[in-house]
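Please load the model in a viewer and keep the selection panel at hand.

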Amino acid sequence: MDTFLKIGFIAFLALSGYLTSCKSNQNLTEAQKQTFIQRGTAITQQVTAALMSKLIPEVQQNGPSQAIKYCSVQAIPTTDSISKQEKVTISRISHRNRNPNNIANAAESELINRYISQINAGSTLSPTLKANGSQTIFYSPIVIAMPTCLKCHGKLGQDLQPDVQETLQKLYPNDKATGFAQGELRGLFKIVFSK
């Protein structure tokens with residue numbers, strides 16, 4: 001991994017991982033909130049590291065088009081493996097989803113819009129906790145932090161090469177996950193903790 005990519009990856013982790021405050025449900029004690037925040041942050045770092053450790057070399061060695069093919073097959077099993085290990089349910093959701101299973105629901109779309117407003121205002125982003133019956137749900141923003149991400153999620157005709165556009169059309173005919181710029185919100189990590 002070249003130095004530029006390492007710096008981008010570290011910046012992404014810093015942005016998504018070292019967040020200290022959150023909006024949360026009032027039924028949780030302060031100690032419980034901090035435990036969920038710390039655990040959720042650690043899990044999102046683990047998932048990010050696992051995915052990026054495979055995707056960046058794939059982009060460098062075989063190009064973004066092959067990386068999309070790899071991701072379409074390996075991203076969910078990688079996430080599922082960590083879910084089992086951590087005894088949680090991990091997913092990625094978005095207002096502009098690639099995988100049809102990753103579309104945000106109405107409440108999650110509101111949360112995404114709130115994060116987008118915070119980015120536009122230059123505010124620091126923090127995880128969000130929501131209690132839902134016997135579950136606590138941790139949401140953490142995913143921001144386009146590296147130029148490499150734009151090779152698969154950037155602007156058509158600018159960041160995306162023709163072979164990438166062709167691969168996306170074949171694998172994800174209803175793809176909405178392009179047209180992003182660096183620093184924009186790509187979506188959210190969602191971690192469900194069951195009591």
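**Stop 1: Helix H3**

Select residues 64–86, which form helix H3, and centre on Gln-74: a kink of about 40° lies there, shortly before the proline Pro-77. The model is a predicted one.

Which residues of H3 are buried? Colour Pro-64, Ser-65, Ala-67, Ile-68, Ala-75, Thr-79, Ile-82, Ser-83 and Glu-86 to display them. An α-helix has 3.6 residues a turn, so residues three or four places apart point the same way.

Next, display what covers these buried residues: the cover includes helix H2 (30–62) and strand S1 (89–93), together with helix H5 (150–153) and helix H6 (162–171). Then step just past the end of H3 to Lys-87, where phi is positive, at about 60°.

**Stop 2: Ser-91 in strand S1**

Continue to Ser-91, which lies in strand S1. Is this residue buried, partly exposed or exposed? Ser-91 counts as partly exposed because its relative accessibility is 24%, and the cut-off for buried is under 20%.

Show the surroundings of Ser-91. Apart from neighbours within four places in sequence, Ser-91 contacts Leu-188, Phe-189 and Lys-190. For a distance label, pick the C-alpha atoms of Ser-91 and Val-47: they are 9.9 Å apart in space, while the two residues are 44 apart in sequence.

**Stop 3: Arg-186 in strand S4**

Select residues 185–194, strand S4, and locate Arg-186 within this strand. Arg-186 is buried, yet has no salt bridge. Where is the nearest side chain of opposite charge? That side chain belongs to Asp-175 and is 6.1 Å away, whereas a salt bridge requires the charged atoms to be within 4 Å.

To complete the view, display the residues in contact with Arg-186, leaving aside neighbours within four places in sequence. Among them are Ser-94, His-95, Arg-96 and Arg-98, as well as Ile-142, Val-143 and Ile-144. Ala-177 and Phe-180 also belong to this set, as does His-153.

**Stop 4: The whole chain**

Finally, zoom out and colour by secondary structure. The protein has six helices and four strands, arranged from the N terminus as α-α-α-β-α-β-β-α-α-β. Of its 195 residues, 45% count as buried. Among contacts between residues at least 6 apart in sequence, 74% join residues at least 24 apart.

Methods: Residues are numbered from 1 along each chain as its sequence is written. This is a predicted model: local features need pLDDT of at least 70, side-chain atom pairs count only at pLDDT 80 or more; totals for chains, interfaces and linings use all residues. Side-chain values use heavy atoms; hydrogens and water are left out. The bend at a residue is the angle between axes fitted to the seven residues ending there and the seven starting there. Helices (H or I, at least four residues) and strands (E, at least two) are DSSP runs, numbered from the N terminus. Buried means under 20% relative accessible area, exposed over 50%, partly exposed in between (1.4 Å probe, protein chains only). Contact means heavy atoms within 4.5 Å. Lys and Arg count as positive and Asp and Glu as negative; His and the chain ends are not counted.
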